[in-house]
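Colleague: I'm new to this one and would like to learn how to read it. Could you walk me through a few features, one at a time?

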Amino acid sequence: MDKDRPLLILAPMYNVTDTVFRQVVAACAPPDVFITEFVNVDGLQSPGRPKLLPYLYLEETGVPVWAQIWGKRPENYRRTAQELAAAGFAGIDINMGCPDKAVVKNDACSALIKPANRPLAAEIIAATKEGAANLPVSVKTRLGFGDIDLSWHEFLLGQDLACLSVHGRTVAEKSKVPAHWPEIGQVKALAARLSPQTKVIGNGDIGSREEALRLCETYDLDGAMIGRAIFEDPFLFAERSPWPAMVAEDKIKLYLRHLETFAGTYAGSERNFEPLKKFMKVYLSGFQHAQNLRLRIAASRSAGEAIAVLKAAL
């Protein structure tokens, strides 16, 4: 992961950063690192395992892929980490930042930020590192639970992590306020003092590659995660994106490639087609009749139907 410039990472997003979309982005303009959608370790170590395995399909594009996991039982983290290491993932990221109410209510993910749950967080990290052996382990988290609480990051920096990724809001703030980048910079300052070997990655409200690099320079960060901005430009990680100048035919063909790769990858699995409709705003915009195409894709009931719509439009 060593780079002359800060690392640029596609942030993990559920029902977005699967192997199919990662392949599309890698072909357009690859980031330095991909991270999978988050997968529950307790589910992976249960009879429900087969339904979760498609979330961990691993492609070969030349871009390192880290697996993101979450759950409650340290032993299941250890077992899952062993499996991920054997599968060829480049690293393991532990989700300690998801603010979903159901997840928090179950004392998982961002609920681990609470002081009472930190002993469990330490057990989870230790178990993951044990299972991962020589594979690097990171944590993705937020600035605090109710309020900004840097004691949480001091705690994490005592766990000898390879990376610490910080989303610049608290759990309570969700996405309702602008990201607090100066406070992410404070986490980096803590790391420089407490755990210099831990890379600190910033995340939140980044709209472009240029903005990511500027924020890294401003706050002395080791890298940045870019998430929702990928919906504006699949060439987001390029130094010069061709996307604004691309014609309708090229955009439709890229969406077609996405859908066809999805259909081929998940043939025979229970992977839901519906989330692929959210990519309409990526590909089908900025040209005449785009809205009509979006309406027809929205009415499609399968990848096959959507593929037929796009082929008819070419």
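Colleague: Let's start with Arg 118: which residues is Arg 118 in contact with, leaving aside its neighbours within four places in sequence?

Modeller: Contact here means heavy atoms within 4.5 Å. By that rule, Arg 118 touches Leu 112, Ile 113, Asp 149, Ser 151, Trp 152 and Phe 155, once its neighbours within four places in sequence are set aside. Bear in mind that this is a predicted model, where local features need pLDDT of at least 70 and side-chain atom pairs count only at pLDDT 80 or more, while totals for chains, interfaces and linings use all residues. Residues are numbered from 1 along each chain as its sequence is written, and side-chain values use heavy atoms, with hydrogens and water left out.

Colleague: Where is Arg 118 found, and is Arg 118 buried or exposed?

Modeller: Helices are DSSP runs of H or I with at least four residues, strands are runs of E with at least two, and both are numbered from the N terminus. Arg 118 is found in helix α6, residues 118-132. Buried means under 20% relative accessible area, exposed over 50%, and partly exposed in between, using a 1.4 Å probe and protein chains only. Arg 118 has 10% relative accessibility, so Arg 118 counts as buried.

Colleague: How do I read the two faces of a strand?

Modeller: In a regular strand, side chains alternate between the two faces of the sheet. Take strand β6, residues 163-167: five of its five residues are buried. Cys 163, Ser 165 and His 167 lie on one side, with Leu 164 and Val 166 on the other. Strand β8 (residues 223-226) also has both faces covered, with Gly 223 and Met 225 on one side and Ala 224 and Ile 226 on the other.

Colleague: Which strands pair with β6 and β8?

Modeller: Two strands pair if DSSP finds at least two bridges between them. β5 (residues 137-142) pairs with β6 in the parallel sense over five bridges, and Thr 141 stands opposite Val 166. For β8, there is a parallel pairing with β1 (residues 7-10) over four bridges, where Leu 8 stands opposite Ala 224. β7 (residues 199-203) pairs with β8 in the parallel sense too, over three bridges, and here Asn 203 faces Met 225.
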